[in-house]
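Hi,

Here is the structure we talked about. My notes follow below it.

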Amino acid sequence: MSSIKESKECMVRKVILLGNEAIAWGAIEAGVGFVSAYPGTPSTEVVETLARYAPKYKYHVEWSVNEKVALEAAYGAAIAGVKSLTAMKHVGVNVAADPLSTSAYTGVEGSLVIVSADDPSMWSSQNEQDNRYYGLRAFIPVLEAGSPYELKDITTEAFKLSSIMKHPVILRSVTRLSHSRIPVEIREPSEIKSKGSFKKNPAKYAVIPSHARKLRGEMLERWNRIEEYLNNVWYNKIEGDGRRLIITSGYAYSYVVDSLKYLNISDIKILKLSGMIPLPRKLVLKAMDGVDEILVVEELEPIIETLVKSLLYDENIRIPVYGKKYIPQIGELTLNNVLKGLSKWLDLEYPLSDVITVDGVELPPRPPVLCPGCPHRGTFFALRRAVIRSRVKPVYAGDIGCYSLGINKPFEAQDTIVEMGGSIGLANGFSHTLSREYLPIAIIGDSTFFHSGITPLINAVYNNAPMLVVVLDNRVTAMTGNQPHPGSGYNAIWEKANEIKIEDIARASGVKFVKVFDPFKIKESEKVILEAINYIKENNEVALVIAKRACSLLVSSMARRKGISIPTYKVDLDKCTGCGICYNAFTCPAIIPMEDGKAYIDESLCVGCGECVEICPFKAIIPSKPWTTEYESLWW
Amino acid sequence: MEYNVILAGVGGQGLITLARVIASTLLMNNVNSIIAETHGMSQRGGSVNVHIRVGDALSPLSPVGGTHMLVGLELIEAVRAAKYIRRDGIVLLNNYILKPGIPGVKMPSREELISVFKENNLRYYIIPAQKLAKEAGNVIVANIVMFGAMVALNEISGLDKSAAKEVLSGLRFKEINLRAFELGYKYVLEEFK
Ligand SMILES: Cc1ncc(C[n+]2csc(CCOP(=O)(O)OP(=O)(O)O)c2C)c(N)n1
């Protein structure tokens, strides 16, 4: 946004940045030379931002196929002496956990910063795991900003720590940090080094057992030095004074500071920990001096609480330590729940109890829905029809992506959703254990297929687990904001790249029935799916179909940017009978029922996909603004 | 000093743009603010809340029962977010109801929705932002009409007209946005002051 305030020295500008953009700028200012990531909310914009500036600052940036590969690539670059960054959502770290767990044994030559963006309250995730545990158990230090304002500086500190110790560092963020916006001062980077060198050192980097045993001792020794270092950094500090101590982990600090203002209290000591793993024990002991009682305020799990209790036992100190007794373990921190916890602990009145009453009005829910023109809608519509016609009992092994919304009415075509790739994976188990009247149907997106769908597909062919695999190929990773992937034909900065075709992979994996269809053509789609189901019934083998149509959100926004007119459709009211198929069974948000039950198409929402033309039994939907060749060319 | 705002509406209504315009205007006057928003699932036509904490606050979320101003871009969502507002808070409402995109939902009436604010004796202002936005050239700028109305209320220090217009001048559809801003601004002055 253009409210950029140029300050006197023209090198520094204050701009409003998204938290993730601030992390990206911290990396640029630290001189990052290599960036690899797989998208995942709330981490995605870190690398989207870095991709935007890659042509200017000349570091390497890529969307990797999954988090494991992303981490390995960044790790390799760091072994070659480059400052590297990888970013992922919290569950992405599970995928990358194998190389992560050994990276601390070897350390690196340059620096390796792993951004883990956790999602307390599960705004867009399947769990709310607390990735500080990864730091503890893999011997990797964890840094987290004390408030959104610290995001950029804590990022440069993560690079600094990693460079000094030659050790990986986890920079933890959470939804509320990554998706906050704050004014940030940014400056031009001093030096970007994207080329490294390789010095042979297999005793360090080839972790055969005899090497690993030695490396483990060295790692623990580094771990102690890191703890020592964290006792003396600006982001870990003691503030104020009093006989009560609050220890904060990461951005819990911001809620504690704000809460104490509401409670009008100043005779309290705060130990702010933004580098909390490993626990800087000397600093904690110093903070405890003259204190009668301790409250640990941390989001999610009682990690610091447990570490502090264990420290007190070792030191033979007997002061009460509280944490989860007052601060919730489930969901994100809010000013409300921190204030409630503090009021209770301090025996004060909760200051925000006077709330207005909202009863008497029943509010309809407003869940997210598939967008107008979403090709997934056509696929689900055709899939349901084909399944009904084939009389199989479907078990929809679903997966993660925009198409997870197929769980909702009227499609209800997701019976299981666990993790990326889990669709084909779980269907392997269903296929071998359910009788043949059931048909396991794995539903998986294109990006998810590349991420972790290929190995379970090979497994299904190898161990012969008959199933229908439906790949919804909308050409990009849509859920996280339309990043390209290996099937898109573009790289992270939207230059042409080698395109890898899903149908080629499926055939090479030994799938004999592989067909591609266009989900905008509903009848044809239904026919292809039905054919696949019949093939499975007759041959007892895997069949795979691919619904290929680009994401309508991406195409319509490209059209708007390029000034290409978007076609629309309208309802011929003489022919419309008000049967409701288009708005009740097809549920395009652009088609709205009128008072008399007849349909109306909101042209400001319609993107002209034309799917509704085929599903209307009365041929009542007709073009109002026809397709142009320019618009046609945008869909790839 | 802190001043807490919450914007409530539906994904696609331009809530994040509105929040950025507010924060940018404040920054022109050297006032800091923190915006908090959720991406991902909420974008696909779901309900969206954006929190803005103006001034000294360090933490990202406006408190339930402690928010000074609620700006509702859609009435159902405004009521859903009503719990955030303080008793002495101000409510700015776009007079607009958007039906959720799921089949067969029971809809509350406009009167029922507005009565929540009336019965709690809150200071509320109803703005025909959709209509004014159309007048400005495109319904899409209803968010900026609401911004004009916010500035006209003159409740948040640092949110003044000249800085606001400077920020809007840097946006892509500058003319339409400036017109929308003026219409919202004028509406409040003429109807409520
Ligand atoms: C391990 C892991 N990494 C990242 C994510 C975030 N994420 C959710 S869905 C998705 C991919 C969606 O892309 P695709 O499969 O192409 O489906 P689409 O959304 O385009 O329909 C991603 C990256 C996740 N949930 N888990």
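Cys579(A) is partly exposed, at 42% relative accessible area (buried is under 20%, exposed over 50%, partly exposed in between; 1.4 Å probe, protein chains only). The whole structure has 0 disulfides over all chains (a disulfide being a pair of cysteine sulfur atoms within 2.5 Å). For Cys579(A), the nearest cysteine sulfur belongs to Cys616(A), 6.2 Å away. Cys551(A) is in no disulfide either; the sulfur of Cys371(A) is nearest, at 6.5 Å. Cys551(A) is buried, with 8% relative accessibility.

This is a predicted model: local features need pLDDT of at least 70, side-chain atom pairs count only at pLDDT 80 or more, and totals for chains, interfaces and linings use all residues. Residues are numbered from 1 along each chain as its sequence is written, chains are lettered from A and ligands numbered from 1 in the order written, and side-chain values use heavy atoms, leaving out hydrogens and water.

On confidence: mean pLDDT (the predictor's confidence in each residue, from 0 to 100) is 96 for chain A, and 98% of its residues reach 70 or more. Over residues 1–10 of chain A, pLDDT is below 50.

Now Arg475(A). Arg475(A) lies in the loop between strand S18 (468–473) and helix H18 (502–508) of chain A (DSSP runs, numbered from the N terminus: helices are H or I, at least four residues; strands are E, at least two). Arg475(A) is buried, at 3% relative accessible area. Its side chain reaches the backbone oxygen of Gly487(A) at 3.3 Å. Leaving aside residues up to four places away in sequence, Arg475(A) touches several residues, among them Asp446(A), Glu499(A) and Trp636(A) (contact means heavy atoms within 4.5 Å).

Best wishes

Key
A polar contact is a pair of N or O atoms within 3.5 Å; within protein, one must be able to donate a hydrogen and the other to accept it, and residues adjacent in sequence count only if both atoms are side-chain atoms.
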